[in-house]
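Please look at the sequence and structure first.

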Amino acid sequence: MYRKGIINLIKTKTTKTTTIKHLLFNNNYIHNKQQQQHYSIFSDIKNKFISKYINNIISNHTINNNNQIKIPGLVSTSSNSIIFSSDIEINKEIENNKLANLIKESILKDKENLNISSNFNEIELELKEISKDILESVKSDHPVLDTAAKYFFNTPGKLFRPMLVLLCGKLASTNINNNNLTNMDSILKKQYKLAEITELIHVASLIHDDIIDEADTRRGIVALNKFIGNKIAVLAGDFLLARASINLARIGNLEVIDLISTVIEHLSYGEVLQMAGKGKFDFDYYMKTIFFKTSSLIANSCKGSAILSGITNIELINACYDFGKHLGIAYQLIDDALDYVQSSEELGKPSQGADMKLGLTTCPILFATKHFPNEMIPIVERKFTGEKDRELVLKYVHESNAIQLTRDLADTHMKLAYDAVMKFNPSSTRSTLLELLYKILIRNK
């Protein structure tokens with residue numbers, strides 16, 4: 001094209017010195033002309049495409065009276081596969097500590113009849129190694145980012161989620177024919193890595209939550225956003241998610257990558273639901289919120305660990321998911337109840353109705369609203385901003401027995417988690433999970 005342009009100019013005798021010089025010494029001349037033509041064509045296509053795209057967005061979204069666009073449900077957040085109507089109903093058969101007794105009996109039965117006991121000591125040693133690996137994983141050559149990323153890992157929490165990941169992986173392995181476990185070392189390494197990833201994602205979500213909530217403390221220490229500032233805290237959370245994503249890719253299992261990537265989406269979705277849910281008194285909405293914010297990470301991580309074990313029994317893989325889902329929901333519901341009976345010092349985070357300061361409607365408030373609708377609905381709608389709203393809510397929560405009702409709903413989900421575990425063969429891992437369920441069931445802080 002360049003040579004053809006020169007020849008044509010010579011043939012037509014349009015050989016002005018300046019023009020020929022421009023052509024000979026500026027190779028970008030014709031190229032720039034072509035780019036301008038292409039850009040013009042592209043601009044037409046782009047404008048048509050964008051107009052069509054925006055129209056599609058508007059047509060696929062609902063616009064309310066305030067001209068606010070409502071985001072439609074995401075593909076991976078189909079309510080049919082997440083929360084059922086039964087998830088917000090209390091199982092009356094497990095009241096008065098019946099579930100605690102049932103779990104205890106199952107543990108004793110395995111111990112007496114099969115000489116099986118829990119393996120907490122083994123798990124604790126593995127968690128110590130995971131804690132070391134996490135610190136290594138979040139290293140940065142920038143001192144500020146390094147300090148921020150390691151902030152919570154230098155004083156690690158219970159490592160509750162990594163423990164569940166390891167236990168579900170072991171539980172699934174007990175139901176595989178030994179002849180099929182040809183690559184156990186590789187399987188364990190991937191499950192360890194998944195346990196590490198789960199904690200990275202969890203802590204990143206805590207950091208971001210604390211920024212949004214303007215929290216002062218976390219895990220009994222100053223929240224990272226207060227220690228180092230919001231900007232660095234945001235970047236630290238992003239950094240942890242980035243490291244988690246890199247480690248996830250290195251596991252190399254597409255199904256597990258899909259599960260955990262969905263979790264990250266769910267965490268964001270759940271936070272938006274929570275912020276938009278202020279002033280709502282809707283059980284179904286609240287249960288979806290705690291699934292996305294808390295339960296999804298546990299459910300999908302447990303399922304991912306089972307998949308990595310090599311098990312092919314779909315029912316048992318789904319049992320790991322159900323176990324994680326219902327345990328996660330129960331854990332959050334117990335947290336909700338403890339918010340009204342424990343002090344900040346006991347819980348290591350704000351308490352005594354602290355969620356009300358954020359305008360959040362939690363399970364005890366929903367039960368209290370159901371019992372005292374005339375008194376509670378106006379308080380909830382104004383997001384507890386009245387002078388004596390918090391005092392009144394605490395009064396109605398206690399008078400309506402809302403704390404016990406919240407614990408009963410938690411027990412209902414704990415029973416479903418128990419049912420999922422009992423689908424597996426008796427083993428020391430199953431006994432460990434049963435003991436864990438029992439400890440969570442009776443926890444008071």
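**Reading the model**

Tyr151 is buried, and Phe152 is buried too, where buried means under 20% relative accessible area, exposed over 50%, and partly exposed in between (1.4 Å probe, protein chains only). This is a predicted model in which local features need pLDDT of at least 70, side-chain atom pairs count only at pLDDT 80 or more, and totals for chains, interfaces and linings use all residues. Residues are numbered from 1 along each chain as its sequence is written, and side-chain values use heavy atoms, with hydrogens and water left out.

Q: What average pLDDT does the protein have?
A: pLDDT is the predictor's confidence in each residue, from 0 to 100. In this protein, 77% of the residues score at least 70. The average is a pLDDT of 80.

Q: How many helices and strands does the protein have?
A: Helices (H or I, at least four residues) and strands (E, at least two) are DSSP runs, numbered from the N terminus. By this definition the protein has 20 helices and four strands.

Q: Why is helix 16 described as largely enclosed by the rest of the structure?
A: Helix 16 covers residues 363-371. Its buried residues include Cys363, Ile365 and Phe367, and the buried residues of this helix pack against helix 12 (283-308), helix 13 (314-338), helix 15 (354-357), helix 17 (373-381), helix 18 and helix 19. Helix 16 is largely enclosed because the buried ones number seven of its nine residues.

Q: Which residues form one aromatic cluster?
A: Rings of Phe, Tyr and Trp (its six-membered ring) pair if their centres lie within 6.5 Å; planes under 30 degrees apart count as stacked, over 60 as edge-to-face and the rest as tilted. The structure holds seven aromatic pairs. One of them joins Tyr151 and Phe152 edge-to-face, at 5.2 Å centre to centre with 70° between the planes. The cluster consists of Tyr151, Phe152 and Phe227.

Q: Ile228 is in contact with which residues, leaving aside its neighbours within four places in sequence?
A: Ile228 is found in helix 9 (residues 224-228) and, at 25% relative accessibility, counts as partly exposed. Ile228 and Val144 are 84 residues apart in sequence, yet their C-alpha atoms are 8.9 Å apart in space. With those neighbours left aside, the contacts of Ile228 are Val144, Ala148 and Ala233.

Q: Where does Asn401, with its positive phi, lie?
A: Most residues other than glycine have a negative phi. The phi of Asn401 is near 60°, and this residue is partly exposed, with a relative accessible area of 44%. Asn401 lies in the loop between helix 18 (389-399) and helix 19 (402-421).

Q: What is the phi of Arg219, which is not a glycine?
A: Arg219 lies in the loop between strand 3 (217-218) and strand 4 (221-222). At 27% relative accessibility, Arg219 counts as partly exposed. Its phi is positive, at about 55°.

How values were computed. Contact = heavy atoms within 4.5 Å.
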